[in-house]
Structure formats: C-alpha cells, structure tokens
Amino acid sequence: MVHTQQLVESVADAAHEAWKVVHYKARPGQPRPKPVDNEAWSAAHGGALECDIAALSNAELPPRWSAENYAGARLAVDLVLAAVECGERLDDAFMEKAASKVHDGWVERNRASYTEGVENPETIEQLWPYDKLSPALQEMDRVFVRNAIKALERFATDERQQLAEAAYKSRTSK
C-alpha cells in the first residue's frame, strides 16, 4: 500500500533539491538567506537567526521553509493520486493543469508576504497566473507534479516487488 506521507516527503525533498540546482545555476555560489522564526531550530543551530536555504536539504530547513515544500508536494501528490483513481492520463495536458493548481496554491499561501509594503503587487511575476509566468517559473511548479508522478511510480514498483517476493516465499516454503 502506498503511503501518502512517504510520497509527500519524497516529492518535497526532490522539489527542494531541484530548486537548489536552479538557484545555483542562476547565482553560482551565492547563498539564499532566510530568517529563522523557530526557537527550537535556532537553538539547535547555535542561535542562528537566519539560514542559507540553498545550503540545506529539505529535512534540515527550519519548519517555516520546509513547510512550503511540503505544501506544494502535498497538493501535487493529491492531484496525481486523484487523477490515477479517475483513470486520467498523466500526460502533458495533466502536467500543465496540475502545475497550474500547484502554482495557485503557492500564490494563495504566499501572496501576503510578497505584497507587504509593495506599491504595485501586479508587477511581481511569481503572483501572476500560471499561464503568464516565464517558462522557468512554470517549471518550478511542474517539478512538484513530475516528482509526484515519479514517486508514485517508484513506490508502486517497490510494492509490486514486495508482493512478488512474498508470493514466491509462500510458494517455496510449503
């Protein structure tokens, strides 16, 4: 049985790693500092008040920053599982539809923090509708969906392998 939480964790980790590749390609060697607002994380990291999210794995991030990866992953996994249950093809059309929903979720979660103190929020590309985004920003949304599909395929293959091994053992142990 595929466990949704395992899928979500796998997708969140993969999406963060993909983001790091894009970040370092655009800004070689540059850190991506973010404030730390979690006392326990800060205490465990020498009282740090900020962290370089590009230097950490998803599991190492402060909760506020890993939560965003998990939210995108959860939505992508839910969309892929729902599509599979309905017999929908996981083709390019599905990819774009699902990536658009992942983007809408991101905008809903992040609009306030991106527009705080901004005179013209409509100039912030990350907040634009999915179909108006640059190809690079669209790809960041597709990464969640693509990795949800890959994770489901990987977990399904592992599950089939376990079932085959159990069937073999039950036949040979008699």
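Predicted model: local features only at pLDDT ≥ 70, side-chain atom pairs only at ≥ 80, totals over all residues.
Tutor: Residues are numbered from 1 along each chain as its sequence is written, and side-chain values use heavy atoms, with hydrogens and water left out.

Student: Why are H1 and H3 called oblique to each other?

Tutor: Their packing angle is about 125°, with the axes 8 Å apart. Axes are lines fitted to C-alpha atoms, for helices over the stretch in contact, and angles run from 0 to 180 degrees between N-to-C directions. Under 35 degrees is roughly parallel, over 145 roughly antiparallel, 65 to 115 roughly perpendicular, and the rest oblique. H1 and H3 are therefore oblique.

Student: How do you know which residues of H1 and H3 meet?

Tutor: Contact means heavy atoms within 4.5 Å. Among those that meet are Val 8, Ala 12 and His 16 in H1 and Tyr 70, Ala 73 and Val 77 in H3. That contact divides into eight nonpolar, four polar and four charged residues. Ala, Val, Leu, Ile, Met, Phe, Trp, Tyr, Cys and Pro count as nonpolar, Asp, Glu, Lys and Arg as charged, and the others, Gly among them, as polar.

Student: What about the packing of H3 and H4?

Tutor: They pack at about 145°, axes 10 Å apart. The contact includes Leu 75 and Leu 79 of H3, plus Val 102 and Trp 106 of H4. By class, it has ten nonpolar, three polar and three charged residues.

Student: What makes something a pocket, and what is the volume of the largest pocket?

Tutor: On a 1 Å grid over the protein atoms alone, a cavity is a set of points where a 1.4 Å probe fits but cannot get out; a pocket is an open set with protein on both sides within 12 Å along at least five of seven lines, and lining residues have an atom within 4 Å of a point. The largest pocket has a volume of about 1100 Å³, volume being the space filled by probe spheres set on the points, joined across faces, edges and corners.

Student: Which residues line it closest to the centre?

Tutor: Of the 33 lining residues, Trp 19, Arg 32, Trp 106, Tyr 114 and Gln 126. H4 gives the largest share of the lining, seven residues.

Conventions: Helix = DSSP H or I, 4+ residues; strand = E, 2+ residues; numbered from the N terminus.
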